[in-house]
Amino acid sequence: MKTIIIGAGFAGLSASLNLKKDFIVLEKDKRPGGFCKTEIINGFTFDYTGHLLHLKNQDTETFIRENIKTKLFKIQRKSYIYSYNVYTGYPYQMNNYGLPGKVIEENLIGYIRRAKNKKVKNFKDWILCEFGSGIAKNFMFPYNEKLWKFPLEKLTLKWMGRFIPSTTLDNILQGLKEKKVSDVGYNAYFYYPEKGGIESLIKDFFKKVKSKVILNAKVKKVDIKKKIVYYNNKQEKYDNLIVTMSLKEFLKIINDKIGIYYNRLKATSVYALNIGFKQREKIDKNWVYIPEKKYIFYRIGFPHTFSSFNAPRGYNSIYAEVSFNKKIPDKINDKIINDLIKMGILLNKKDIIVLYPMVLKDAYVIYDKEREKILPEIINELENNNIYLAGRWGKWEYSSMEDAIKEGIEIAKLINKKG
Ligand SMILES: Cc1cc2nc3c(=O)[nH]c(=O)nc-3n(C[C@H](O)[C@H](O)[C@H](O)COP(=O)(O)OP(=O)(O)OC[C@H]3O[C@@H](n4cnc5c(N)ncnc54)[C@H](O)[C@@H]3O)c2cc1C
């Protein structure tokens, strides 16, 4: 009984650490880790934007701790929203202290008058019913439009789960009295490696299964009838296949009727500019959401606050994230730098000593009606052919590293049981 795993990110490595029978992992890149790799440039540690570990499942946490040597810091989140030249605590719907009076009035009245009982059909409706017109106008609409680059009325509700905390009138009123960074939401605390960025965890996992992983092995074709995987100039037969590469890409390389669905799965990509710069003032914010359209990025974060080893002494570091559909906006680096200067985060271009861009293709999967319609059919057809999906892009979902690890473990257990 042979299993082939496509992809050596967290999902693929976790599956491989749990498989009891014969298997190999095929990874197209020269290093394992997917978007959980880390680049160390002139003493600055840059992940593929903030990759912070949120642990909520005890079994997954135990598995991670059993398989790593890396020391993890536990950090209380310091995250903010920046609008009207004011930093308010995250989440916005509970922290309006310091905003202009007109904005507070819109948010409060909008919440009180919101149409609670309306039948919610899409994400836009949901925002209005859950938070009201003020919070929608001043944060939820502009932020989500900037992030998704997709009409909010065409997004379904399936992705939100833990990602958007709800609020109450008491929460809103409390958040007007004091400047407080709330500890609600799925990411109130996070873990982060002391040294080497998030890839240090990947390295720990990889060490244990190294002999089974073939790097530089791009899977180009899968014959799902004959159960053969083609990579480089080789071919390999399997009994079970675990797919953690992008489902969209996978649909392109298989000989099955569901292949036609590949162009109906949609996603938004992210351009991230990493910057190392001279410290002029202490920055202790972990990350900041930026809803206003006048700034090009939807979020910025500060890796030097995750671990002091992430930047040389006397320097700070930033990642700025801009989402895009097909084409990266022109002169994007200049726009990012100018906007950081406008915000007062960078004081002078001359302070910059490292610029390191990254492109994250298909970073955020779009949850629209088409996805909900075709995904069950795709999964059903693949499982009938002993093909199992795991991870954020394998399952074509909005999920975390912890989810990828959990899904990898679960698929391995399922295959072990098949005997
Ligand atoms: C902008 C952004 C920020 C994020 N922040 C966080 C965060 O703070 N916390 C968190 O928990 N999660 C975060 N995530 C999610 C996290 O990146 C994913 O959950 C995780 O990377 C999923 O791992 P995976 O193994 O499923 O996929 P991947 O890591 O993508 O693994 C798939 C592997 O398949 C390989 N592959 C692809 N095609 C082929 C092929 N044809 N042949 C062979 N190999 C192939 C790839 O090279 C890759 O190594 C973030 C994601 C993004 C995009």
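Biologist: What makes you say that the ligand lies between domain 1 and domain 3?

Modeller: The model is predicted. Domain 1 (3–39 + 53–76 + 194–261 + 368–418) and domain 3 (267–365) both contribute residues to the shell around the ligand, so the ligand lies between them.

Biologist: Which residues of that shell come nearest to the ligand?

Modeller: A residue belongs to the shell if its C-beta atom, placed from the backbone, lies within 6 Å. The shell has 37 residues, and Gly 7, Gly 9, Gly 34, Gly 391 and Ser 400 come nearest. The elements giving two or more residues to the shell are α1 (10–18), β18 (352–365) and α10 (401–418). By class, the shell has 17 nonpolar, 13 polar and seven charged residues.

Biologist: Why is the protein chain called as compact as a globular protein of that length?

Modeller: The chain has ten helices and 19 strands. Its radius of gyration is 22 Å, close to the 22 Å that the globule rule gives for 419 residues, so the chain is as compact as a globular protein of that length. Along the principal axes, the C-alpha trace spans about 65 × 55 × 45 Å.

Biologist: How do you know that domain 1 touches domain 2, and how many residues are in contact?

Modeller: The cut-off for a contact is C-beta atoms within 7 Å. Four residues of domain 1 are in contact with five residues of domain 2. The side of domain 1 that touches domain 2 consists of one nonpolar, no polar and three charged residues. Between the centres of domain 1 and domain 2, taken over C-alpha atoms, there are 35 Å.

Biologist: What makes β7 and β18 edge strands?

Modeller: They belong to an open sheet of seven strands in the order β7-β6-β15-β16-β17-β14-β18, with mixed pairing. β7 (86–89) and β18 each have a single partner strand, so one side of each is left without a neighbour in the sheet. Neighbouring strands here are turned by 25° against each other on average, direction ignored.

Biologist: How do you know that β14 and β17 pair?

Modeller: Two strands pair if there are at least two bridges between them. Strand β14 (residues 267–278) and strand β17 (residues 315–324) have ten bridges, in the antiparallel sense, and so meet that definition. Ser 269 stands opposite Phe 324 in β17. Helix α8 (residues 332–342) packs on this sheet and touches β14, β17 and β18, its direction making about 125° with that of β17.

Biologist: In the sheet of five strands, which are the edge strands?

Modeller: The order of that open sheet is β9-β2-β1-β13-β19, with parallel pairing. The edge strands are β9 (213–214) and β19 (387–389), each pairing on one side only. Within the sheet, four bridges join strand β1 (residues 3–6) to strand β2 (residues 23–26), and Ile 4 has Ile 24 as its bridge partner in β2.

Biologist: What describes the packing of α3 and α4?

Modeller: Two packed helices are described by the angle between their axes and the distance between the axes. For helix α3 (residues 101–112) and helix α4 (residues 123–148), the angle is about 145° and the axes are 5 Å apart. The contact includes Val 103 and Tyr 111 of α3, and Phe 131 and Ile 135 of α4. Its residues divide into six nonpolar, six polar and two charged.

Notes: Residues are numbered from 1 along each chain as its sequence is written. This is a predicted model: local features need pLDDT of at least 70, side-chain atom pairs count only at pLDDT 80 or more; totals for chains, interfaces and linings use all residues. Axes are lines fitted to C-alpha atoms, for helices over the stretch in contact, and angles run from 0 to 180 degrees between N-to-C directions. Two residues are in contact if their C-beta atoms, placed from the backbone, lie within 7 Å. Ala, Val, Leu, Ile, Met, Phe, Trp, Tyr, Cys and Pro count as nonpolar, Asp, Glu, Lys and Arg as charged, and the others, Gly among them, as polar. Domain bounds come from an automatic or database domain assignment. The radius of gyration is taken over C-alpha atoms; the globule rule is 2.2 Å times the number of residues to the power 0.38.
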